[in-house]
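Welcome, and thank you for taking a look at this protein with us. Please have the model open so that you can follow along.

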Amino acid sequence: MVLADLPASTTGPDAAVVRVLSYNVRSLRDDREALARVIRACAPDVVCVQEAPRFFRWRKAAAWLARETGLVYATGGATAAGPMILTSLRAHVERSEDILLPRVPGLHRRGFATAVLRFGGGHRDPEGTGGTESTGGAESTGGTGGTGGTGGTGAIRLGVISCHLSLAAAERYDQAGMLLDRIAALGVPYAVAAGDINEQPDGRAFRRIAGTLRDGWATEPWGSEATFDPGDPRRRIDALFATDGIEIIGCGVPSGLPGVDDADLRAATDHLPVLAALRLPRTPASSA
């Protein structure tokens, strides 16, 4: 069955429409070409990657993924313990920062890849700032100016966090709180957090996030729901959350979207992607 596409990316006088994709790519250990085809077919402005390559020559692998999908590397990867953010050229990176979360002995260290992006209105601002101070017990691995801060009248700012929460329930719940702290610390009118939550919507960590942010699928379901695993998807453990003020046009797994082949979805990695179209109204606060 063919799935009707979400609205295309646009920037108008009243709002910008931004397409955000969240995808656990399992360190590119599966069919890379299938993965690239899926991402290209989704036509995202922003990709929140989980399990990005993070060991030997990880930057080369990240560059390959960006190049093959027509995107650019913004931040993350090994420096965020796996989460990464890619963007289209439409997004101007105002600032970015990779956050390492507190280490729990015996468990894999986790992190957040974070960025503040601008859409529309903008030339680069030579006075663009670097990363912000870390909060919530997290350790910053160093902010960058990305492609440079972008000023420009009428630009709409969007904060983005790519996350991959713990397999351990107690640690995962704590990380959900750190995620909410980080969203608040971005200091922007609109923000999204997307990633592998490692928990279904009835779990404590998932409910903690959804108690403050809006769950994209629950708000405006589109496509299919379950994200794990591609061979027989029955669980929704990957999600996108948005702050108030963002209109979620649609959010879900793009199974059946033209160009997204079921065989590619099964071959690309061990998770299904989540795609959302978001409308960001232009208000005086949106470019503050």
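A few ground rules come first. This is a predicted model, in which local features need pLDDT of at least 70 and side-chain atom pairs count only at pLDDT 80 or more, while totals for chains, interfaces and linings use all residues. Residues are numbered from 1 along each chain as its sequence is written, and side-chain values use heavy atoms, leaving out hydrogens and water.

Let's start with helix 1, residues 32-42. Helices (H or I, at least four residues) and strands (E, at least two) are DSSP runs, numbered from the N terminus. After the helix comes A43, which has a positive phi near 50 degrees. The buried residues of helix 1 are A34, L35, A36, V38, I39, A41 and C42; buried means under 20% relative accessible area, exposed over 50%, and partly exposed in between (1.4 Å probe, protein chains only). Their cover includes strand 2 (15-24), strand 3, helix 2 (58-68), helix 6 (262-268) and strand 14 (274-281), where contact means heavy atoms within 4.5 Å.

Strand 3 (residues 46-50) also holds Q50. This glutamine counts as buried because its relative accessibility is 0%. Its side chain makes a polar contact of 3.5 Å with the side chain of S162. A polar contact is a pair of N or O atoms within 3.5 Å; within protein, one must be able to donate a hydrogen and the other to accept it, and residues adjacent in sequence count only if both atoms are side-chain atoms.

Now turn to strand 12, residues 238-242. Five of its five residues are buried, so this strand is largely enclosed by the rest of the structure. D238, L240 and A242 point one way, and A239 and F241 the other. In a regular strand the side chains alternate between the two faces of the sheet. Strand 12 pairs in the antiparallel sense with strand 10 over five bridges, and with strand 11 (residues 214-215) over two; strands pair if DSSP finds at least two bridges between them. Bridge partners here include D196 with D238 and D215 with F241.

Finally, find E199 in the loop between strand 10 (190-196) and helix 4 (204-210). E199 is buried, with a relative accessible area of 10%. A polar atom of its side chain lies 2.7 Å from the backbone nitrogen of F206.
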